[in-house]
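The sequence and structure come first.

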Amino acid sequence: MLTIKKEKALPALSTVRATPAIGATERGSRRSGRVRRRRTLYVLPAAVFLVVMSGYPLVQLVRMSLANVTIATLQHAWAYVGLQNYRQAFGSPVFGQALDHTIIFVILVFGVGMAGGFTAALVLRGGGRFTVFLLALMVFVWSLPPVVNGSIWRFLMDQYGLLNIVSRGVGTGTVPFLYSPGGSIYSVALVNAWAAVPFTTLVFRAALLGIDPVIIEAGRVDGVRKWQEVKFILLPAVRPTAFVLGVLMVVYAFRSFDFIYVMTDGGPGTATNTLPFLGYSEAFTQYQYGLGSAISVIAGMFILVVAVVYSRSVFRHEKAK
Amino acid sequence: MWTYFNPTGANGQVAQANMIKQWAKLFQQASPGSTVNYVFIPFAQLDGKLIAAAAAHTGPDAVILNGGSTASDALGGALANSTNFFQKTGLLKAYSAGVVHSVSGKDYSIQPYVNLLGMFYNATILNKLHLTVPKTYSQMLSDMKAAKAAGYWGMAIPGSPDGEGEFSSHPWLTNAGFNFSHPTMASLVAGLNYPAQWIADGYVSKEDSTLNNTTSYQNWLEGKTLFCQSGNWNLTNAATQAKFKWGVFPIPLASSGKIYLGGEALAVGAFTTKTSLAQAYVAAALSEQGSLDTLAVGSIPSRLDLASNPKIASNPEVSAYVSEVRTNGGDYPDPGVKPADVDQEYTIVGQAWSSVMAGGSPQKAAATLLPQLDKIVVGS
């Protein structure tokens with residue numbers, strides 16, 4: 001009689017673990033230790049540079065913010081005053097206004113920069129001479145120093161500048177781009193955003209070109225319209241890139257200084273004062289170094305929050321790999 | 001030699017460039033074989049760079065600086081104590097105390113001339129509209145009204161939110177009774193009502209709220225504006241640059257109205273390694289000829305022994321300013337402000353002035369400014 005033994009099923013491959021030999025474990029562990037030490041060695045010079053060039057000034061900035069440092073005491077020992085500079089900053093009417101202006105700046109630069117960059121990237125996805133020419137022009141604009149950019153726009157926005165010549169020509173009169181107490185902050189922010197669009201365009205374009213064409217082709221075969229393609233295929237695909245770019249744009253907008261300095265010098269009055277500009281003004285035109293440092297530290301705290309969000313996102317992304 | 005006078009004469013500073021070239025010649029005559037290397041630094045950056053350099057124990061051998069910034073730069077360690085030098089060379093006797101800038105009893109700089117504000121007028125527009133040179137403020141308003149009706153701007157006046165705006169505001173704030181020794185809301189609002197009225201009536205462009213002395217004056221040179229509040233430092237420039245007939249009259253102020261006796265001062269750098277040469281340059285510029293050379297710019301030599309010089313009395317444009325010195329001249333910076341806070345005062349007053357010139361409310365500007373002033377005036 002044939003007896004069939006039911007054989008024990010083999011465990012699934014995924015649960016099979018090779019038990020390494022003890023010697024191999026030690027060798028692997030030594031090798032990974034060497035690899036980590038080598039990586040640390042490569043990173044060390046940059047880390048030292050960062051500590052010296054960034055860390056030390058930051059420590060001095062915080063020290064200054066906690067001391068009475070003015071033109072009269074700059075070259076002498078700084079008397080510790082605790083949080084007095086911070087209290088003075090928060091209590092100043094100019095500080096609240098500068099914070100509001102900074103938020104307006106961030107919203108505008110982020111919004112216009114991201115939307116403008118994505119739209120331009122969509123349009124310039126294809127190839128061709130015109131696309132290449134436009135991209136080269138964008139890189140040129142992006143590489144212009146802010147002083148040059150700001151000066152050109154200052155001339156364009158002058159009451160006798162080109163924009164107002166056109167405005168008067170079409171019957172809308174003279175527009176106070178740079179001397180309206182309520183509107184000049186928007187003018188400067190829009191110029192700042194315009195200068196950032198080439199960068200966001202290039203990054204978004206690279207992300208769009210990285211999408212597998214098969215997916216897009218499949219969508220077209222299924223009959224998706226252009227706006228559906230953008231909404232359901234392209235946007236989700238560039239979401240990780242958009243997140244990183246968005247963080248960078250917020251940081252870029254928050255620390256904007258050059259365009260304000262060149263175009264309006266914080267004026268008229270204090271209409272285009274932002275936190276970074278206010279910090280500069282207090283420290284370098286009014287020589288209230290302690291107060292200026294406190295304002296700069298406060299501005300830095302906002303950026304730190306954004307930087308932490310960015311770092312955590314990158315860390316999670318690396319871990320997921 | 002650091003200076004905000006562009007030695008190439010750019011930005012309309014041809015007369016100033018010639019003046020410092022003359023000073024260099026005087027220096028070279030006194031110190032044969034030596035040369036002067038002028039380093040141009042824009043006005044808004046000079047004090048900051050001096051102080052930053054002082055922090056690094058370096059800086060120019062000598063500097064031509066805004067006289068009103070001497071206190072800040074001296075407190076910041078950028079300027080050498082020149083009391084002994086000025087005394088030994090007799091310069092302290094050659095100049096009045098009003099143009100010798102001191103901090104805590106130590107002398108740091110001397111102004112070879114004074115600059116102050118006056119009112120330039122476009123004589124071509126004036127004649128075209130059958131107007132006369134105003135002698136009173138109400139006449140000036142009436143002329144501006146006529147200019148506006150004819151399609152011109154009434155006046156160009158600097159309103160930048162910084163020390164230049166503050167310099168420009170001082171005659172009007174003080175004319176309304178404001179003074180730093182005892183600042184009050186009422187006098188501050190009254191003073192800020194001047195630009196508010198000009199803007200509301202359309203005599204002055206709101207864009208002037210972002211213009212400094214140079215750009216405001218250049219706007220007037222375009223020939224579309226009747227008056228321009230500007231300094232005697234532009235007299236020689238206007239003579240060569242204005243494409244229309246022009247003249248100058250004293251700003252019509254009451255006796256309370258004060259016009260800053262500004263102007264550049266000469267000082268030796270705190271970290272110079274060529275002290276004797278630096279002092280020789282300063283002495284040359286402050287000599288009788290050096291002070292007289294400033295007349296070519298349209299400035300008013302401040303050396304006491306030049307007070308009755310016929311070259312000054314015979315110049316009609318300069319005489320307008322000379323009369324202002326006598327009637328409305330005021331110390332610069334205002335002695336009512338603590339020396340260490342002078343730059344803060346320049347900025348906050350300039351910002352208030354600028355905000356009103358952009359169409360803002362004088363009450364709101366004064367309400368923001370007064371609490372800040374209360375902390376920096378002498379006695380606070």
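## Contacts and overall make-up of chain A

Taking contacts in chain A between residues at least 6 apart in sequence, 70% join residues at least 24 apart; a contact requires C-beta atoms, placed from the backbone, to lie within 7 Å. The model is predicted: local features need pLDDT of at least 70 and side-chain atom pairs count only at pLDDT 80 or more, while totals for chains, interfaces and linings use all residues. Residues are numbered from 1 along each chain as its sequence is written, and chains are lettered from A and ligands numbered from 1 in the order in which they are written.

Chain A has 13 helices and two strands, taken as DSSP runs (helices H or I, at least four residues; strands E, at least two) numbered from the N terminus. Of its 321 residues, 32% count as buried, that is, with 20 or more other C-beta atoms within 10 Å of their own; exposed means 12 or fewer, and partly exposed is in between.

## Confidence in chain A

The mean pLDDT of chain A is 87, with 90% of its residues at 70 or more; pLDDT is the predictor's confidence in each residue, from 0 to 100. Over residues 1-18 of chain A the pLDDT is below 50, and beyond near neighbours in sequence this stretch has one contact in the model. Where pLDDT is low, the predicted coordinates should not be read in detail.

## Helices α7 and α10 of chain A

The axes of α7(A) (residues 184-209) and α10(A) (residues 239-254) come within 10 Å and cross at roughly 165 degrees. This crossing angle makes α7(A) roughly antiparallel to α10(A), a label for angles over 145 degrees.

On the α7(A) side, Ala196(A), Thr200(A), Val203(A), Phe204(A) and Ala207(A) meet Thr241(A), Leu245(A), Met249(A) and Tyr252(A) of α10(A). The residues of this contact divide into seven nonpolar, two polar and no charged (nonpolar: Ala, Val, Leu, Ile, Met, Phe, Trp, Tyr, Cys and Pro; charged: Asp, Glu, Lys and Arg; polar: the others, Gly among them).

## Two sites in chain B

Asn328(B) is found in helix α15(B) (residues 316-328) and counts as buried because it has 23 C-beta neighbours inside 10 Å. Leaving aside neighbours within four places in sequence, Asn328(B) is in contact with Leu253(B), Gly257(B), Lys258(B) and Ile259(B).

In helix α12(B) (residues 275-285), the buried residues include Ala278(B), Tyr281(B) and Val282(B). Their cover includes α1(B), β3(B) and α13(B).

Terms used: Two residues are in contact if their C-beta atoms, placed from the backbone, lie within 7 Å. Axes are lines fitted to C-alpha atoms, for helices over the stretch in contact, and angles run from 0 to 180 degrees between N-to-C directions. Angles under 35 degrees count as roughly parallel, over 145 as roughly antiparallel, 65 to 115 as roughly perpendicular and the rest as oblique.
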